[in-house]
Amino acid sequence: MESSRRTVVTMVVAGVAAAAVAAGGVPSTAGPAPAPPADQPGPTYVYQVRAPLGQAAQDLLGRGFDVLEHREGEDLFVLGDQATGQRLREAGFQAVVDEVMPPPLWQPPAREAKAASIDETYYGGYRTINAHWAHLDQVAAQYPGLATVVDYGDSWKKTQGAGGHDLRAVCITKKNDGDCALDPNAPKPRFFVMGQLHAREVTTGDVAWRWIDHLTRGYGSDAEVTALLDSTEVWVVPIANPDGVEIVQQGGNSPRYQRKNANGTNGSNCSGTSSSQLGVDLNRNTDSHWGGDGTSSNPCDQSYKGPSANSEAETKALQGLWRGLYRDRRGTKVTDAAPADTTGVVVSMHSYSNLVLFPWGWTTQYSTGNDAPLRKMAQDLVGLAGSGWQYGQPGEVLYNAAGATDDWVYDDLGVASFVWEIGPSSGTCGGFFPPYSCQESTFWPKVKPMLLYAAKKAAAPYAAPELPTGCDKRVNDTDVVIPDRGAAVTSSVLVTGCAGNASASSQVEVHVKHSYRGDLVLDLIAPDGSVYQLKPASGDGTDNIDATYTVNLSGEARDGEWKLRVQDVYLGDTGRLDSWSLLI
């Protein structure tokens with residue numbers, strides 16, 4: 001059995017010369033990360049770490065490193081201090097210092113004639129918690145026929161009598177009887193969006209602020225907004241983790257890297273650095289496969305899952321809010337689908353990496369029962385966002401992570417649920433703390449059409465598109481043995497009587513029994529011989545493939561013989577193609 005594809009290569013963590021690091025370039029020479037002067041705090045480093053999709057990536061996450069939501073090929077990126085580099089080396093990972101985070105850029109904000117609290121900003125214009133809550137009150141007062149503010153719980157610190165904050169949402173719609181009530185049998189479909197569940201992801205709170213203003217100011221003058229609010233309830237939680245954001249904003253012109261909430265019960269020894277913080281990761285705390293891949297049991301780690309599932313005040317409050325907004329339409333099995341007439345869409349905005357993600361996030365072994373429409377929506381959203389964006393289950397494009405809120409929403413309720421990772425990994429507007437000017441110039445123009453599209457889909461996110469007559473699913477369930485590191489095998493389906501070109505979101509469902517699916521390459525071959533790769537070989541050592549792949553086949557005629565080609569490209573494992581189907 002060949003092991004070169006299966007084992008994380010163990011090498012010493014290396015850095016770069018200071019000039020190369022400051023430039024953010026790939027190092028040409030290696031050396032240790034430079035030590036800070038004894039009387040100064042150390043810099044924050046970004047380490048580029050070899051961690052291919054599959055076991056290597058999950059091993060990196062499982063050791064509690066602050067792994068960013070960013071992947072380049074076989075590499076992930078870890079945020080930390082100089083000691084983090086030593087920990088990576090000791091854990092056996094190949095890594096280099098990719099970047100030393102520069103001091104945050106800042107300009108004094110332009111002040112407006114508003115009440116003091118709504119005018120509070122930090123880091124060049126980002127709004128404080130006081131400003132966000134004052135903004136909600138202002139919107140409700142100015143637009144009483146549209147906006148209703150809802151207090152849906154208390155933050156962890158407030159539950160402890162240690163300060164803290166109310167947890168607040170706003171419902172925006174053209175109000176009629178029964179609207180904006182916490183009743184899952186509401187007369188209108190509901191679109192829900194939230195920001196800053198991870199406190200340091202400041203772009204998401206600003207997008208939420210702009211979305212609220214776009215809707216309330218646009219009703220009656222913007223035809224698209226007016227039609228949306230006449231037919232749909234839009235719910236916005238601009239800050240889902242206010243205690244954490246309070247820690248971020250305490251840094252002022254140098255925001256702190258706080259990701260988690262402020263629960264310090266189990267983190268009294270945490271150092272408060274970017275790699276060792278008190279709190280619980282609210283996006284690892286739900287009971288949707290709590291404690292699985294991508295979580296940590298160390299209270300100081302950024303991905304700390306909490307002492308138990310749903311332990312956090314913020315987690316329980318969000319779940320209560322969602323159960324008040326949506327009916328439970330899904331069974332309890334992993335592959336159970338919610339009915340096609342299920343309404344509602346939930347979006348959790350994060351940063352960064354320019355990704356649209358959907359369940360399941362805890363595994364790639366299974367797709368959800370509503371995988372095809374979720375993929376189609378994700379594909380459409382990426383098309384609206386523009387070049388550089390990707391979509392998929394988290395483990396397909398990033399890494400697996402259990403206990404996330406988007407998994408919980410779909411798992412518990414069957415509601416269409418997404419995570420948007422907003423922002424590039426590099427450049428002027430990259431990272432967690434982009435200059436405030438990037439919000440107007442870069443992020444809002446991209447995210448606004450995504451929000452409008454997702455809100456319109458709330459009425460029927462799973463509704464199947466109408467297909468031309470005769471274009472039903474074609475299935476081939478004849479078993480085909482796959483030779484171990486042998487020649488490719490094929491299986492065919494014939495499409496006839498289905499005029500026109502195929503869909504831009506055609507679905508190829510594949511079921512393979514195999515003892516190491518990373519060995520396999522899957523290709524779809526069109527009648528004209530064009531090849532569409534569905535899956536490359538990888539280091540994923542999980543058994544079997546049970547997946548549905550979305551493929552843009554709009555340049556292909558539907559009718560003809562279509563082939564699925566499967567090849568095992570490494571020694572040591574065997575399997576067979578059980579069945580596959582094509583819906584074009």
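In this predicted model, helix 10 passes helix 13 in a right-handed crossing. The axes of helix 10, which covers residues 371-385, and helix 13 come within 8 Å and cross at roughly 150 degrees. Since angles over 145 degrees count as roughly antiparallel, helix 10 and helix 13 are therefore roughly antiparallel to each other. On the helix 10 side, the contact is made by Lys376, Met377, Asp380, Leu381, Leu384 and Ala385, which meet Lys446, Pro449, Met450 and Tyr453 of helix 13. Sorted by class, the residues of this contact between helix 10 and helix 13 comprise seven nonpolar and three charged, with no polar ones.

Helix 13 also has helix 6 as a packing partner. Two packed helices are described by the angle between their axes and the distance between the axes. For helix 6 (residues 202-218) and helix 13 (residues 437-456), the angle is about 60 degrees and the axes lie 10 Å apart. That geometry makes helix 6 oblique to helix 13. The crossing of helix 6 with helix 13 is right-handed.

Turning to the side of helix 6, Thr203, Asp206, Val207, Arg210, Trp211 and His214 are the residues in contact with helix 13. Their counterparts in helix 13 are Gln439, Glu440, Phe443, Trp444, Val447, Lys448, Leu451, Leu452 and Ala455. By class, this contact of helix 6 with helix 13 holds eight nonpolar, three polar and four charged residues.

Key:
Residues are numbered from 1 along each chain as its sequence is written. This is a predicted model: local features need pLDDT of at least 70, side-chain atom pairs count only at pLDDT 80 or more; totals for chains, interfaces and linings use all residues. Side-chain values use heavy atoms; hydrogens and water are left out. Axes are lines fitted to C-alpha atoms, for helices over the stretch in contact, and angles run from 0 to 180 degrees between N-to-C directions. Helices (H or I, at least four residues) and strands (E, at least two) are DSSP runs, numbered from the N terminus. Angles under 35 degrees count as roughly parallel, over 145 as roughly antiparallel, 65 to 115 as roughly perpendicular and the rest as oblique. A crossing is left-handed if the near helix is turned anticlockwise from the far one by less than a right angle, and right-handed if clockwise. Contact means heavy atoms within 4.5 Å. Ala, Val, Leu, Ile, Met, Phe, Trp, Tyr, Cys and Pro count as nonpolar, Asp, Glu, Lys and Arg as charged, and the others, Gly among them, as polar.
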